[in-house]
Amino acid sequence: MSNGKANAAKKAVELVRDGAVIGIGSGTTVEIFLRELGRRIENEGLTVYGVPSSYQSHILATNNGIKVVDLIQYPELDICIDGADQVDERFNCIKGGGGALTREKIVAAASKEVVIIVDSSKIVDRLNMPVPIEVLPFAYGFVERRLSAMGRPVLREGSGKLGPVVTDNGNFIIDCDFGDIDKPEELEREIDRIPGVVECGIFCSELIDGVIAGYEDGARFLKK
Ligand SMILES: O=C[C@H](O)[C@H](O)[C@H](O)COP(=O)(O)O
C-alpha cells in the first residue's frame, strides 16, 4: 500500500465534523479513510452518519462506528469522500475500477461537497484509461455492439468466480477503451444515452469540488 493513498485518506478525515452525514465511496483508499475515521470516532466520541455506495463500504462503515443511514432518511448529504482510478487537472475522474460506480455517482450527486482522495500517481493530463460502464445483463450484447462503434469494449470477468463480474446492483461491467478522452462531458452523455447502460464511470468535474492528492510525505488539498 502506497503512503500516498494513506496520506490522502488521513487528510480527508479532518473534513468530517461531529454530527455530519457523509457520502461514502468505495475502494482501498476509502477503506483507509474509514479506518482512520473510526479511530477518531472512538477517541473523540464523534457521531457520524454515512450513506455507503457499496457492500464493501457498508461493511467497513458499520465496523468502524459510522451510523449507516440511507437516502430516504437523508436525501442531501454534507460531504462525500471517494477514491478514483484517474483524475485529470480539471478534476474529471474515471471511477469503477473496483466495480462500484452507479451508487457512487448517486451519493456524490446527493452531496453538498465532493472530495476525491487519490495517490498523486493517478493525476494525469488527460483521462485515457478504459471507462467502466455498468450495463443491464439483458442489454449486454446490444450495448457492446453500440460501444464497438465508439471504442473497444471488453466484458469484465471475475476472479474467484467464472464468468462476468456482477455488480452490487446485479449488473455487468463493460470496460471500454476510448483512447485519450478529450471531452469527458460529451463522452459521458453519449455513453449514458445507450439504452441498457445504467451508468458510466466518467465523473465530470462539475460533480467534484476538491481532490486530495497524497504523496510519500504528505497530502495536498487541490480546490477549484
Ligand atoms: O469501483 C471502485 C471505485 O470507483 C473506487 O473509488 C476506485 O476504483 C478507486 O479505488 P482505489 O482507492 O482502490 O484505488
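Predicted model: local features only at pLDDT ≥ 70, side-chain atom pairs only at ≥ 80, totals over all residues.

Where is the place of E104? E104 sits in helix 4, where helices (H or I, at least four residues) and strands (E, at least two) are DSSP runs numbered from the N terminus. Residues are numbered from 1 along each chain as its sequence is written.

In the model, E104 is buried, with 29 other C-beta atoms within 10 Å. The cut-offs behind that word: a residue is buried if 20 or more other C-beta atoms lie within 10 Å of its own, exposed if 12 or fewer, and partly exposed in between, with C-beta atoms placed from the backbone. Leaving aside neighbours within four places in sequence, E104 is in contact with G25, S26, S53, D82 and K95; contact here has C-beta atoms, placed from the backbone, within 7 Å.

Next, the ligand. It has 17 residues around it, and G27, T28, T29, G83 and G98 come nearest; a residue counts as near a molecule or strand if its C-beta atom, placed from the backbone, lies within 6 Å of it. By class, this shell has three nonpolar, ten polar and four charged residues. For those classes, Ala, Val, Leu, Ile, Met, Phe, Trp, Tyr, Cys and Pro count as nonpolar, Asp, Glu, Lys and Arg as charged, and the others, Gly among them, as polar.

Now zoom out. The protein chain is divided into domain 1 (3-123 + 204-223) and domain 2 (131-201), with bounds that come from an automatic or database domain assignment. Their C-alpha centres lie 24 Å apart, and 14 residues of domain 1 are in contact with 14 residues of domain 2. Helix 4 (residues 102-109) turns up again here: with three residues, helix 4 gives the most to the side of domain 1 that touches domain 2. That side has five nonpolar, six polar and three charged residues.

As for the whole chain, the secondary structure comes to six helices and 15 strands. The radius of gyration is 17 Å, close to the 17 Å that the globule rule gives for 224 residues, so the chain is as compact as a globular protein of that length. That radius is taken over C-alpha atoms, and the rule is 2.2 Å times the number of residues to the power 0.38. Along the principal axes, the C-alpha atoms fill a box of roughly 55 × 35 × 35 Å. Of the 224 residues, 46% count as buried. Among contacts between residues at least 6 apart in sequence, 75% join residues at least 24 apart.

K5, K10 and K11 are among the buried ones. The cover over the buried residues of helix 1 includes helix 2 (28-44), strand 4 (79-82), strand 7 (114-119), strand 14 (210-215) and strand 15 (218-223).

Two loop residues are worth a click. F91, in the loop between strand 5 (86-88) and strand 6 (93-94), has phi near 80 degrees, a positive value in a residue other than glycine. F91 is also buried, with 22 other C-beta atoms within 10 Å. L127 is in the loop between strand 8 (123-124) and strand 9 (131-135) and is buried too, with 21 other C-beta atoms within 10 Å. Beyond four places in sequence, its contacts are Q86, D88, N92, I94, I181 and P184.

P153, in strand 10 (residues 152-155), is buried, with 22 other C-beta atoms within 10 Å, and touches residues including E144, I174 and C176. D192, in helix 6 (residues 184-192), is partly exposed, with 13 other C-beta atoms within 10 Å. The C-alpha atoms of D192 and I133 are separated by 9.0 Å, though the two are 59 residues apart along the chain.

Methods
Contact = placed C-beta atoms within 7 Å.
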